[in-house]
Amino acid sequence: MGELLQKALQRRPRRPGEKPRRGGAITLWALLILMLAWALFHLPDIGRAFTEFGAYLQYKFIRRALAVGLLVSLCASLLGVTLVLKRYSMIGDGLSHVGFGALTVAMALGFVTTDGLPAFLPAGVRAFAARLCGGIAKNPLPFTLVVVVLCAFMLLRISERSRMRGDSAIALISTSALAVGVIVTSMTSGMNVDVYNYMFGSILAMSSGDVWLSAGLSAVVLVLFVLFYPRIFAVTFDEPFARATGVKAGGYNLLIALLTALTVVVGMRMMGTLLISSLIIFPALSSMRVFSRFKSVTISAALISVGCFFVGMMLSCVYSLPTGAGIVAVNLAVFVAFSAIGAVRE
Amino acid sequence: MALMAMNDVTIAFEGTVAVDRVSFEVNPGDYLVIVGENGSGKSTLIRAMLGLVRPRSGRIAYGDGLVKNRIGYLPQQTAAQRDFPASVEEVVLSGCVNRMGTRCFYNKSDRQKAEANMALLDVLKYRKKSFRTLSGGQQQRTLLARALCATDAMLLLDEPVTGLDPAAAAELYDVIRDLNRKHGVAVVMVSHDLGGAMRDANKVLVMNRGMDFFGGVQDYRTKFAEGAVTARG
């Protein structure tokens, strides 16, 4: 069946003496010229958008969001290349749902009082537990990080060791986490602005702590990716071969899952639970349409990701669109454009 | 001295014995074909030879310049590789990963080795081309070049002609024979394609959880005459 399909999609081979096809290049150039013409025509608008965005940059929270977002998109795109190629695209989505569940649970812990705890516990334990819960509710990030990292390990274990396939395991865990989150929310605060922000993201959510966290994270991801580049390629391309030549493939998988978990948690409060996985998937997929070497795919994914984030953020500020959705829309546009270029080049 | 000697090796998973008391050795210059039906423990045996599973009892000894992790392995292709964006050069170079030790990047001798092996297997002209656009035979030759980067002594090929058309399969067998005869690389091949694989081999191992037969190709032919093979099912 697959072979039949492949045969049907294959183009007629060029007969000897036939002129080489130039349709591809012509269409590509036409597309580029069209885009340039459009940009020239709208130059004043584009300039205005830039100036307006420049004015936004005087606000500290915008600068923070921009810094965190650019760094997180860089990490997400690099990790995304291996995740997509290893057929783990949905891991980011699954983990972000887990993150949502963990965040809502952390918030709900704020409603725990000393009197609300079972009476058979000693008073000291109850007071300590209540204080701990209050602390988690006030600063939910560490708690969420721990839960998401644990789930990432669990997902990897399940897909490696058991009969259940990786994608079903992810679907199982992500929907369960979402259900827990929704139940906990409805039992305590109800659907309020905070919960809405967790789902769809908020540009206001970034604190200066997040800036440092994301800077550290992206430094770690970049350094590891560069230092282990040959080994990451070997494990991504052919895990059995890599294992046979003594590469500790399990360790690399674990490392990538861990870094993905961190990236997802840092990014999800800005991009939203439902949209963060697009940062992981889109850049890698877009660059795979056009490029056919691992190195060029990786580099172009990083550039696309950072570029799309910047443009999406600018559009969201200037036209007051939701940030996360705006960035995903820009990524989608790039994906469509790259698919067109790829199709034309074939 | 043998490159690899298996001495009374038994491997079991969760109480089931997959490989039962197998002994054989691979000497320099050997061309060993391992045959057996599905579930006969062939793949487990491969994993043991690569050092990926621990035998429950028995010993696997490497010698004569061969060390663990220095076997040139040609695994069966996975579905993910069909649309993997990688150039032939990147794929072949990745075979040098086991020579890197604590280094983080490929060095000049890695690149030279990759280039020499690409030339040897006649894929040097595709070095910048994408792996996914190559034909099945070209892809296998690329992966063979990668395997050669990982070893100096022994190739371990897991069903190398699966999915190739007869012409490409015959060509690949010729390439493997040349590597064995002209370049002195020992070859261990697991195969379903008895006729093709046996043509150039000098030793045969028949797996059936235990070891049904191990010896020279001539002995194999006399012991299992055509009729006997069919009767065994």
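Chain B and chain A bury about 2,700 Å² between them. Carbon and sulfur atoms give 64% of that area. The model is predicted. On the chain B side, B:Phe84, B:Pro85 and B:Glu90 supply 22% of the area buried against chain A, more than any other three residues.

**Interface make-up**
- The contact involves 34 residues of chain B and 26 residues of chain A.
- By class, the side of chain B that touches chain A has 19 nonpolar, eight polar and seven charged residues.

**Polar and charged pairs**
- The rule finds two salt bridges across the interface of chain B and chain A.
- One salt bridge joins B:Asp83 to A:Arg87, with the closest N and O atoms 3.5 Å apart.
- Twelve residue pairs, both at pLDDT 80 or more, are in polar contact across the interface of chain B and chain A.

**Helices of chain B at the interface**
- Helices α2 (88–93) and α4 (136–150) of chain B each supply at least two residues of the side that touches chain A.
- Helix α4(B) gives the most to this side, with four residues.

**Helix crossing within chain A**
- Helix α9 (residues 193–200) and helix α13 (residues 249–271) of chain A have axes that come within 5 Å.
- These axes cross at roughly 115°, and the crossing of α9(A) and α13(A) is right-handed.
- Helix α9(A) makes the contact through A:Asn197, A:Tyr198 and A:Phe200.
- Helix α13(A) makes it through A:Met268, A:Arg269, A:Met270 and A:Met271.
- The contact of α9(A) with α13(A) has five nonpolar residues, one polar and one charged.

Terms used:
Residues numbered from 1 in each chain as written. Chains lettered and ligands numbered in written order. Predicted model: local features only at pLDDT ≥ 70, side-chain atom pairs only at ≥ 80, totals over all residues. Heavy atoms only, no water. Axes fitted to C-alpha atoms, helices over the stretch in contact; angles between N-to-C directions. Left-handed = near helix turned anticlockwise from the far one by under 90°. Contact = heavy atoms within 4.5 Å. Nonpolar A, V, L, I, M, F, W, Y, C, P; charged D, E, K, R; others polar. Buried area = accessible area lost by both parts, 1.4 Å probe. Salt bridge = Lys/Arg side-chain N within 4 Å of Asp/Glu carboxyl O. Polar contact = N/O pair within 3.5 Å; in protein donor to acceptor, adjacent residues only side chain to side chain.
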